[in-house]
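Dear colleague,

Please find the structure below. My notes on it follow.

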Amino acid sequence: MRLYKFSKIMACVLFAGIGLSSCDDFLNQPDKSTYNADDFYNDDATCYQGANSLYNMPWYDFQRGFFKVGEVMAGNYYWYGGDDTQYWNCSVSANNSNLKDMSYSLWTVNAYANTLYDKIKSSTGVSESVRNTCMGECLTWKALAYFYLVRTFGAVPIIHNNSEVISNGTYNEQYRAKIENVYDYIIMTLEKAIELLPEKDGTGLGRIDKYCAEGLLAKVYLTKSGYDASTTTYETGANPYIHTVKHQRNTEDLAMAAKYAKDVIDNSGRSLEPVYSDIFRGAYFGDESLIAWHWHAGRDPWTQQNTLQSDLAMTGFDETGNTWGGYAGPSVDLMDAFGEDPTRQTRNNTDVRRKATMMMAGDSYDYFYTDCGGFDYLKFVYKGYEDHQGPGEMQSPTGANCVKHLIGDNADHVKYVGTSFDVMAYGNYTQLLRLADVYLIYAEAIIGNDNSTTNADAIDAFYKVRSRSVNTYSRPTSISWEDVKKERRLELSLEGDSWYDYVRWFYYDPDAAINELNNQRRNEYYGLNDLYESWYNNGGYDGGWNITDNVKYNDDPGKKQNVSVSSFTIPFPTEDATQNPHLLEAPQDVDISQFSY
């Protein structure tokens, strides 16, 4: 969490009128001769300019950890080797490199949001509507950062005002607040954001509005509903807390989750995007997008860009040679959930989300390589396209590669974003909270502690999500908790959120969550490259599908994930705990009423 760096971070943030530029720049004092933050925010344009940075730059170092925690730990993605194995087997150590970057980024969001909020609040020459909007955006992003923090690290310090921490010299003396205190603080922050934000974004650029914050608050309440401090044992060291008892979820929290989700569904005027794959095309901020990172395709300033395609796409996918994700891929367990099998010659394709989530043998896409007439997965792998050299072999150990977070080649980037990309710098947005998520939050909240429900509104919400992607699906007369849980996985997989569904489940039924994770099929397949290459080269898919004994799933019990109670609280980075030993002490009860906005 790098609290010891707050003083250096804030030296930059306190004077930031233009925005954030890079990780290194956080550590340097900016040239104050060019502007003064005390009077920089003096009109509507500069307020928006300051808030714009919260949609991308301080989140940059969170991207990779966001995916590895959110999807690799959840068993949706095979990413194995070195530090990555720690996420695959759910045993992340305090010295993991991505962990440090992730923690640093989340605390930077908090620092920037806190400082910008105070600056805008005291600004002059700004219209009240824009001032309130930008302050509400600051608080929503801050709440989201804390939501990630508490679900990742458990009990964490509450840094309400960075200026006070720095002036008091107490940035290495921060104590962790109890988990229930952190959730109360997030709720307080979002309630204020909802009070400040407009009902509808007036800029038409996909800025956060009241209903976006309400959607997030519904998700916070749903998560908090399962946490019960009375079933929790706090410890010091590597395992800050241990759940010991299965229990019922808090009905008041469930009711609040349903209330806020229903308000978004009924009154926001938003609707689901008709074509599921369109949600992930370029700079999407349509009706379904509630909260997203709005990236820019440039390296100056560094940290404004999306780099997930570099991590997730196969070698050569974007023409620059700066994609290296081919040797990882969607898990066999996720294929199972979609009813797919990498050793089967034909694809199921009853659920359009599968193809929009992972590419498999036989798949082609009209929205990738639009300058080449479309993208054929195995053609790219074994033959390539002109100016698009493929890897020459099936790199993925599971027989699939990621689709979400990919923009394609430069022609695709120009088509969907409007500009060319740069090396490791793409402009496609990253969806963090979607309307479909809110529909499923509502359905789960209505089911609550029951096994199922016949509530018409809950069924309608579930049905809208599922029927969009499975056109043969008929409206049911009841839905179960298991239905909603599986639907969330299929709808939201590879969007950085799946692990947190398990955290929510773990809060109130730890044994069940652990058991499911430990029984997932996370390993690789053998022999897929020979199978696919022979098939592709012998008649262009018309023949040559020769399953041999060499094509098999690795069921070696010696290579298996090790999910335990401690997996659900990732340790603080070693350097943070060294600088601030209080992070290894039992959390303290914090009176949230001492804070105000």
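A residue is called buried under 20% relative accessible area, exposed over 50% and partly exposed in between, with a 1.4 Å probe and protein chains only. By that scale D387 is exposed, at 63% relative accessibility. D387 sits in the loop between α15 (377–382) and β9 (400–402), and its phi is positive, near 70 degrees, although D387 is not a glycine.

This is a predicted model, so local features need pLDDT of at least 70 and side-chain atom pairs count only at pLDDT 80 or more, while totals for chains, interfaces and linings use all residues. Residues are numbered from 1 along each chain as its sequence is written, and side-chain values use heavy atoms, with hydrogens and water left out.

Confidence: pLDDT is the predictor's confidence in each residue, from 0 to 100. The chain averages 91, and 91% of the residues score at least 70. Over residues 1–35 pLDDT stays under 50. For that stretch the model has 96 contacts (heavy atoms within 4.5 Å) beyond four places in sequence.

Overall form: the chain has 23 helices and 14 strands, taken as DSSP runs (helices H or I, at least four residues; strands E, at least two) and numbered from the N terminus. Its radius of gyration is 24 Å, close to the 25 Å of the globule rule for 597 residues, so the chain is as compact as a globular protein of that length. The radius is taken over C-alpha atoms, and the rule is 2.2 Å times the number of residues to the power 0.38. The C-alpha trace spans about 70 × 55 × 50 Å along its principal axes. Of the 597 residues, 62% count as buried. Among contacts with a separation of 6 or more, 73% are between residues 24 or more positions apart.

Individual residues: E491 lies in helix α19 (residues 481–492) and is buried, with a relative accessible area of 0%. Leaving aside residues up to four places away in sequence, E491 touches several residues, including R353, K404, R434 and R468, as well as E288.

Two points of backbone geometry remain. Most residues other than glycine have a negative phi, and most peptide bonds are trans. Y369, not a glycine, has a positive phi of about 55 degrees. Y369 is in the loop between β7 (364–365) and β8 (375–376) and is buried, at 0% relative accessible area. The peptide bond joining D300 and P301 is cis, with omega about 5 degrees; P301 is in the loop between β4 (289–293) and α12 (308–312).

Regards
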